[in-house]
Amino acid sequence: MRKPVIAGNWKMYKTVSESVETILSLKPMVANANHCEVVVAPVFTALKTVADRLEGSNIQVSGQNCSTEMEYGAHTGEVAAVMLRDVGCTHVIVGHSERREHYFETDSMINRKAQAALAADLTVILCVGETLSQRDQGNAERVVSGQLSGGLSGLTASDLARIIVAYEPVWAIGTGRTATPEQAQEMHAFIRRVFTQRHSEETAHGLRILYGGSVKPDNIAGLMRKEDVDGALVGGASLDAETFAGIVNYDR
Ligand code: PGA
């Protein structure tokens, strides 16, 4: 049985005090959520405070990005994966479509970030997903397959056990236009088949594949009922504690 993961990506929202306020409300609302792993991804500056305040709770903390570089060095403005681990993170998101699109991250950079994160003992949430025009041209699977091979290049079977894939169709992010459960299932099943072919049945079977893109309390249950949907990466709806708790505590 794959344990679902519900992760909140806070993007560039919330100061430290706003972040603390959110997690203090969230904590009791999800305290009994044993059916899934709960993760929040605040901005860099709030990570340590949030992780400290969540110690001993069932909520884990993720970075939203990390450096491609493993070693300390002259990399102004970068934060190393090991530094995320140092402040209490257990996860890091890599390859989010906003980073690919606005910060020109390539699959090979994303691969280096994943390698650095794994070396720092973090679980990687690797985001993949096609744009609307890629989907309309019938290229969605090819795009996702390429992002998986580029992002996961050179990883061993034990590395892959620490990878979570988040399928986030770009056309569904922040648009209010969620993929239907059937569209999500179709791509998730494809991703699992790709893992079976490229890696192993066992790796594919254990892989958690999250759906992301306009997930809300009223559409999560339908998505989670699909066989290959193992959780969600939630943006906008994770900013409010009650709304996010409504997603975590979806109708099972
Ligand atoms: P959204 O964002 O839930 O606001 O669509 C999802 C994401 O970017 O991870």
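**Surface, fold and salt bridges of a predicted model**

The chain of this predicted model exposes about 11400 Å², of which carbon and sulfur atoms supply 49%.

Me: Which parts of the chain does the salt bridge between Asp230 and Arg2 tie together, and how many residues apart in sequence are they?
Reply: The side chains of Asp230 and Arg2 meet in a salt bridge, at 2.9 Å from N to O. Because Asp230 lies in the loop between α11 (220–224) and β8 (231–234), whereas Arg2 belongs to the segment before β1 (5–9), the pair ties together parts whose separation in sequence is 228 residues.

Me: Is Asp230 buried or exposed?
Reply: A residue counts as buried when its relative accessible area is under 20%. Arg2, its salt-bridge partner, has 18% relative accessibility and so counts as buried. For Asp230 the relative accessible area is 5%, and therefore this residue is buried.

Me: Where does the partner of Glu182 in its salt bridge lie?
Reply: Glu182 and Lys226 meet through their side chains in a salt bridge of 3.4 Å, N to O. Glu182 is part of helix α9 (residues 181–198), so the pair ties together parts 44 residues apart in sequence, with Lys226 in the loop between α11 and β8.

Methods: Residues numbered from 1 in each chain as written. Predicted model: local features only at pLDDT ≥ 70, side-chain atom pairs only at ≥ 80, totals over all residues. Heavy atoms only, no water. Areas by Shrake-Rupley, 256 points an atom, 1.4 Å probe, with all protein chains shown as cover. Salt bridge = Lys/Arg side-chain N within 4 Å of Asp/Glu carboxyl O. Helix = DSSP H or I, 4+ residues; strand = E, 2+ residues; numbered from the N terminus. Buried < 20%, exposed > 50% of the residue type's maximum accessible area, 1.4 Å probe, protein only.
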